[in-house]
Amino acid sequence: MTGIMHKEVRVRFAPSPTGYLHVGGARTALFNWLFARHHGGKFILRIEDTDFVRSSEEMVEGILEGLRWLGLAWDEGPYFQSRRLEHYRSFADRILKQGNAYRCFCKTDEHADRKSEYPVNAPEDAVAHECAELTGEDSRRRAESGEPFAIRFKVPPDKTSFHDRVFGKIEIENKILEDFVLIRSDGIPTYHLVVVADDIDMGITHVIRGADHLSNTPKQILLYRAAGSPLPDFAHLPLILGPDKQRLSKRHGATSVMAYAEMGYLPDAFFNFLSLLGWSPGDDREMLTRRELTQLFSLEGVGKADAVFGPEKLDWFNSRYLRDISTETLRELALKELEASGIECFETESLDARMELLKVRIRKLTDFSTIFKAFFTDDFDYDPAACKKFLKDPKLQAWIPKLHSLYNEDREFTLESTEAILRSLADREGIKAGLLINAVRVALTGQGVAPGLFEVMQVLGRQRTIDRLERLGKYLNSTPED
RNA sequence: GUCCCCAUCGUCUAGACGGCCUAGGACACCGCGCUUUCAAUGCGGCAACACGGGUUCGAAUCCCGUUGGGGACGCCA
């Protein structure tokens with residue numbers, strides 16, 4: 001156990017499958033992964049599913065899916081705590097035999113009562129447990145007679161302190177700690193026990209987890225001591241909060257990692273964004289590859305203050321990654337997105353040209369099936385705002401058919417010819433070209449904003465351009481002026 | 001209520017030994033340029049050391065207090 005392996009860094013991500021992988025958990029996993037990779041160590045996945053009521057198989061799958069999407073491959077596991085119950089029991093027995101724990105025969109609701117009282121009583125110290133005073137003889141006899149009991153850790157007097165790699169020295173008075181349960185009366189071990197037992201067992205060298213565990217750490221340290229095991233390094237990560245500075249929750253919208261996948265974010269962008277939440281390389285760099293991140297990551301760069309999860313910057317990262325991606329990859333992603341949205345894409349030949357036009361304008365993959373839908377299907381609507389802005393001139397009713405027939409006669413239909421035709425029509429009519437251009441943009445894309453109009457014509461092709469002009473003509477005729 | 005922790009622009013943050021900080025970068029936002037709209041891009045702008053005391057020749061950086069925020073106090077994890 002010790003010896004040859006003692007230098008290898010071993011970290012773990014230990015989610016409980018009572019929900020999907022949320023951004024906070026993902027960030028924790030990410031930092032663990034980065035730390036392991038940086039040190040050439042192992043990243044272990046452990047599922048903490050000792051809460052049988054709330055845990056589910058489905059959630060486990062969801063968590064694995066999220067980790068895979070983010071590209072956080074684990075080196076060992078997943079280990080399931082629900083399959084190691086015997087192990088924890090023997091760990092607890094050992095503590096019990098040593099006299100560092102005792103059987104508690106109280107009913108569970110007795111403690112519930114006491115708990116409801118304590119904000120009123122505001123006791124200095126934790127409530128005492130009379131079962132701690134039971135003699136070994138009594139205790140054993142009652143246990144053997146079949147009376148149900150829990151096993152509680154006997155918190156020793158004095159103080160407990162430790163050095164956290166991000167928060168520094170943490171110290172508490174042990175008397176504020178209640179004798180906590182190790183094994184419930186139904187025989188199922190609790191979190192504090194399993195986490196310590198497993199971390200010892202799996203040779204975890206660095207416990208990197210959310211700061212919500214900071215005040216639980218002293219209890220666990222007591223357990224390490226009782227077990228006679230050396231302490232791992234602890235590094236608690238500041239929490240991720242919602243824009244209202246409250247703990248991130250469903251109220252804040254999407255908190256599940258897979259929701260971001262579905263909204264069209266790229267895993268690399270999300271990865272990069274997450275890596276900068278609570279950590280900084282120390283300089284101004286922000287666009288960082290996994291490789292760079294791995295090289296740069298260190299616990300020293302982790303800040304202490306909680307971070308607000310603001311999606312605007314994620315959007316920016318995403319658009320940057322989208323822009324830098326290869327056309328082939330983008331094409332595949334676009335096709336996947338269109339398929340998922342039930343859009344049948346026409347003319348796959350000019351797809352790459354369309355990608356080129358669109359890539360600097362999209363912020364999310366879903367933009368392909370929403371605002372830029374008209375680049376892939378004829379089944380699109382005119383954006384009401386665009387109509388209001390660009391189709392209001394009644395003369396358009398005459399100009400659009402003219403343009404339609406001009407393009408119909410234009411055999412070349414090149415970038416140059418299409419532009420020349422439109423501009424000369426504008427000249428003859430004595431109007432600004434922009435007026436026509438904007439209207440035609442609505443005709444071709446349904447939107448008020450799009451890539452350069454004549455380039456759009458090229459990627460759509462002559463026939464489609466003509467058809468769409470005709471469609472606009474009909475639309476203008478059928479719409480009563482206002 | 002008790003204990004623990006945190007505190008730089010709206011947001012993410014840089015800011016090792018206190019002086020290089022009239023506090024830097026990025027996102028967002030606002031102008032201007034480019035332009036057929038948008039995006040991209042270039043330039044410029046707005047905007048922070050929570051507050052109060054110390055220590056010091058000198059503090060965003062150290063100490064104390066206040067305020068604010070978060071977390072933990074379960075036979076949940």
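**View 1. Protein surface around RNA strand B in the predicted model.** Of the 64 residues around RNA strand B, those that come nearest are Arg 184, Gln 246, Gly 278, Val 360 and Arg 361; a residue is near the strand if one of its heavy atoms lies within 4 Å of it. Sugar and phosphate make up 70% of the RNA strand B atoms that come within 4 Å of the protein. By class, this surface has 25 nonpolar, 16 polar and 23 charged residues; Ala, Val, Leu, Ile, Met, Phe, Trp, Tyr, Cys and Pro count as nonpolar, Asp, Glu, Lys and Arg as charged, and the others, Gly among them, as polar. Elements that each supply at least two residues include helix 4 (108–121), strand 7 (168–173), helix 11 (311–324) and helix 18 (453–460). Helices (H or I, at least four residues) and strands (E, at least two) are DSSP runs, numbered from the N terminus. This is a predicted model in which local features need pLDDT of at least 70, side-chain atom pairs count only at pLDDT 80 or more, and totals for chains, interfaces and linings use all residues. Residues are numbered from 1 along each chain as its sequence is written, chains are lettered from A and ligands numbered from 1 in the order in which they are written, and side-chain values use heavy atoms, with hydrogens and water left out.

**View 2. Backbone contacts to bases of RNA strand B.** For Ala 450, a polar backbone atom is 2.5 Å from a base nitrogen. The backbone of Leu 453 places an N or O atom 3.5 Å from a base nitrogen.

**View 3. Helix 1.** Helix 1 covers residues 23–38, and its end C-alpha atoms are 22 Å apart, which agrees with the 22 Å that its 16 residues should span at 1.5 Å a residue; the expected span is 1.5 Å times one less than the number of residues. Of these residues, 14 are buried (under 20% relative accessible area, 1.4 Å probe, protein chains only). Gly 40, which follows the helix, has a positive phi near 65°.

**View 4. Lining of the largest pocket.** Ser 16, Thr 18, His 22, Asp 212 and His 213 are the closest to the pocket centre among 41 lining residues. Helix 1 gives the most to this lining, with five residues. The lining comprises 15 nonpolar, 16 polar and ten charged residues. A pocket is an open set of points on a 1 Å grid over the protein atoms alone, where a 1.4 Å probe fits, with protein on both sides within 12 Å along at least five of seven lines; lining residues have an atom within 4 Å of a point.

Key. Polar contact = N/O pair within 3.5 Å; in protein donor to acceptor, adjacent residues only side chain to side chain. Buried < 20%, exposed > 50% of the residue type's maximum accessible area, 1.4 Å probe, protein only.
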